[in-house]
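Biologist: I have the sequence and the structure up on screen. Can we go through a few residues and then the overall fold?

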Amino acid sequence: MTMASIFSKIISGEIPSYKVAESEAFYAFLDINPMAKGHTLVVPKEEVDYYFDLSNDTLSKMSVFCKDVAKAIEKVVECERVGVAVLGLEVPHAHVHLIPITTLEDLNFSRPKLKLSKSEFETIAENIQKELLK
Ligand code: 5GP
């Protein structure tokens, strides 16, 4: 038996997270080291390391789930649009980064990350959740 990934522990609630959305198959929460306010990670509950090893069915459904979350982020955070990135260099559990961007530099992962307070994270997550319920 393999050990649960850090993201599986987040999905199960063993590790806390600022959740923004959840479905039967996917979980979305704020990145703890955000590139921008509203930087969200979308993960399949199924524990697969490499994004491109996900089934066609999961990938298609995940795109639609990401779209809904991105549309909600756009309404909460001032940005030109929501950028999408898939890296997986740090956490071996497939995930998509949804990042509010205005310039190319906003997608530079080498830049220092934002430091947000607990209440800032909570407010952003709540506002995105509310948009998704509209
Ligand atoms: P990647 O695997 O795509 O290169 O990067 C993993 C991302 O997950 C990073 O942006 C990092 O900040 C985020 N991350 C890693 N551990 C945690 C965690 O415990 N909680 C949250 N919310 N984000 C995490």
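Biologist: Which residues does V96 touch, not counting residues up to four places away in sequence?
Modeller: This is a predicted model, to begin with. In it, V96 touches T40, L41, V42, Y51, M62, C66, V84, A85 and V86, once residues up to four places away in sequence are set aside.

Biologist: Where does V96 lie? And is V96 buried or exposed?
Modeller: V96 lies in strand β5. V96 counts as buried because its relative accessibility is 2%, and the cut-off for buried is under 20%.

Biologist: Moving on. Where is D106?
Modeller: D106 sits in the loop between β5 (96-101) and α3 (118-133).

Biologist: Buried or exposed?
Modeller: D106 is buried, since its relative accessible area is 17% and buried means under 20%.

Biologist: What does the side chain of D106 reach?
Modeller: The backbone nitrogen of T103, at 2.8 Å. Leaving aside neighbours within four places in sequence, D106 is also in contact with M35, I99, P100, I101 and R111.

Biologist: Now the loop between β3 and α2. What about D49, which residues is D49 in contact with?
Modeller: D49, in the loop between β3 (40-44) and α2 (56-76), is in contact with P92, H93 and A94, leaving aside neighbours within four places in sequence. D49 is partly exposed, with a relative accessible area of 47%.

Biologist: What separates the C-alpha atoms of D49 and S5?
Modeller: 9.1 Å, for two residues 44 apart along the chain.

Biologist: And S55, where does S55 lie?
Modeller: S55 lies in the loop between β3 and α2 as well. S55 counts as partly exposed, at 34% relative accessibility. The C-alpha atoms of S55 and I101 are separated by 29 Å, the two residues being 46 apart along the chain.

Biologist: Next, E131. Which side chain does the side chain of E131 make a polar contact with?
Modeller: That of K134, at 2.9 Å. E131 has its place in helix α3 and touches A72, K75 and V76, not counting residues up to four places away in sequence.

Biologist: Why does E131 count as buried?
Modeller: Because its relative accessible area is 18%, and buried means under 20%.

Biologist: Let's zoom out. How many helices and strands are there in the protein chain?
Modeller: Three helices and five strands. From the N terminus on, the elements run α-β-β-β-α-β-β-α.

Biologist: What is the radius of gyration, and what would a compact globule have?
Modeller: The protein chain has 14 Å, which agrees with the value near 14 Å for a compact globule of 134 residues. The C-alpha atoms fill a box of roughly 40 × 30 × 30 Å, taken along the principal axes.

Biologist: What share of the contacts with a separation of 6 or more comes from residues 24 or more positions apart?
Modeller: Such residues account for 57% of those contacts. As for burial, 43% of the 134 residues count as buried.

Biologist: What about the accessible surface?
Modeller: The accessible surface of the protein chain comes to about 8,100 Å², and 54% of that belongs to carbon and sulfur atoms.

Biologist: Last one, charges. How far apart are the mean positions of the positive and negative charges?
Modeller: 5 Å, for 15 positive and 20 negative charges.

Technical notes. Residues numbered from 1 in each chain as written. Predicted model: local features only at pLDDT ≥ 70, side-chain atom pairs only at ≥ 80, totals over all residues. Heavy atoms only, no water. Helix = DSSP H or I, 4+ residues; strand = E, 2+ residues; numbered from the N terminus. Rg over C-alpha atoms; globule rule 2.2 N^0.38 Å. Buried < 20%, exposed > 50% of the residue type's maximum accessible area, 1.4 Å probe, protein only. Contact = heavy atoms within 4.5 Å. Areas by Shrake-Rupley, 256 points an atom, 1.4 Å probe, with all protein chains shown as cover. Lys, Arg positive; Asp, Glu negative; His and termini not counted. Charge placed at Lys NZ, Arg CZ, Asp CG, Glu CD. Polar contact = N/O pair within 3.5 Å; in protein donor to acceptor, adjacent residues only side chain to side chain.
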